[in-house]
Amino acid sequence: MYKVLIIINAQKVSHQGTVLSTSPATQRMTAAFKDAIANQTAGETLIKIVPVHQLLPKSDWYDPSDSSWLCCPLTIEMPPQFEFCQSKVFQTCRDFKGMRQWVQENLKVRTGNQIKRVWHGNYWLPIVLTAKGPMYGEVIGEGQLPNSYEQPVDFPDEQRQVLYYLGYRLLESISAQPSVYLLQFGFQDETLIFDRIWPFPAAPALASIGIQKPDLYTCHWQCLIQQPIRDLVIA
């Protein structure tokens, strides 16, 4: 039996696991991930949804040394004192300015650190990191409405290869474990600008539901339980 701990940004979650107070995007992410677990898992599965602010002090129901727990944050705002198998990866990704500096120095790619105004990339490259290596999904872009996303966004092969190399080197540098990652980037005067990388299927991954098979939340669960993924197909 799997015991799954889903950690989210929320003010309140009921004892039955219903998200009572959070953003619509987080509600949809949580529902999509729960559906993926239910559809891809045979047998009984215990799912516990916890707001990030309730993780500390240490809870009597969660023991990081208990290997039957799968800790699955759907937020980057993890407290550094909370221990789980991807703690170091999440802490590194949360320090996006430090990661940008590493990209500038080691990969010679321009980053958001070099832009004086507040800047965020408006494209996301999904990277499904399986036990056998990375698989790259179709790029996701911002939609017309606020907090909406679209997939696929067409990119020429030359730009794709640059993004694939950037994503591969970044995941290698942080000793990434099997999971779904989103490489966030944008452009300034047609120059690629690296923003950050998300170590879980953040809100833009919602664009893959009904479009990509398997969708990114299903991919995330399959990676975590080391289930093979043969291909990523746009429906």
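This is a predicted model: local features need pLDDT of at least 70, side-chain atom pairs count only at pLDDT 80 or more; totals for chains, interfaces and linings use all residues.
Let's start with strand β1, residues 2-8, which runs parallel to β4 and is joined to it by seven bridges. A word on terms: two strands count as paired if DSSP finds at least two bridges between them. Helices (H or I, at least four residues) and strands (E, at least two) are DSSP runs, numbered from the N terminus.

Residues are numbered from 1 along each chain as its sequence is written, and side-chain values use heavy atoms, with hydrogens and water left out.

Back to our sheet. It is open and has three strands, in the order β4-β1-β5, with parallel pairing. At its edges are β4 (45-51) and β5 (69-73), each of which pairs on one side only. From one strand to the next, the twist averages 20°. Angles here run from 0 to 180 degrees between N-to-C directions, and axes are lines fitted to C-alpha atoms, for helices over the stretch in contact.

Which helix lies across these strands? That is α1, residues 24-40, which lies across β1, β4 and β5 and runs at about 170° to β1. Contact, by the way, means heavy atoms within 4.5 Å.

Now for a pair of helices. Helix α3 (residues 96-107) packs with helix α4 (residues 157-173) at an angle of about 115°, and their axes are 12 Å apart. On the α3 side the contact is made by M99, W102, V103 and L107, and on the α4 side by Y165, L166, R169, L170 and S173. Of these contact residues, seven are nonpolar, one is polar and one is charged.

Next, please find strand β10, residues 179-188. Why do we call β10 largely enclosed by the rest of the structure? Because eight of its ten residues are buried. Buried means under 20% relative accessible area, exposed over 50%, and partly exposed in between, using a 1.4 Å probe and protein chains only.

Strand β10 has antiparallel partners. With β6 (residues 123-130) it pairs over seven bridges, and there L125 stands opposite L183. With β11 (residues 191-198) β10 also pairs over seven bridges, and L182 stands opposite W198. The hairpin of β10 and β11 has two residues between the strands, and D189 there takes a positive phi near 55°.

Let me point out W119, in the loop between α3 and β6. Its relative accessibility is 10%, so W119 counts as buried. Leaving aside residues up to four places away in sequence, W119 touches R100, G112, F185, G186, F187, I193, F194 and D195. Take I193: it is 74 residues from W119 along the chain, yet their C-alpha atoms are separated by 9.9 Å.

After α5 comes Q226, with a positive phi near 60°.

Note on methods
Ala, Val, Leu, Ile, Met, Phe, Trp, Tyr, Cys and Pro count as nonpolar, Asp, Glu, Lys and Arg as charged, and the others, Gly among them, as polar.
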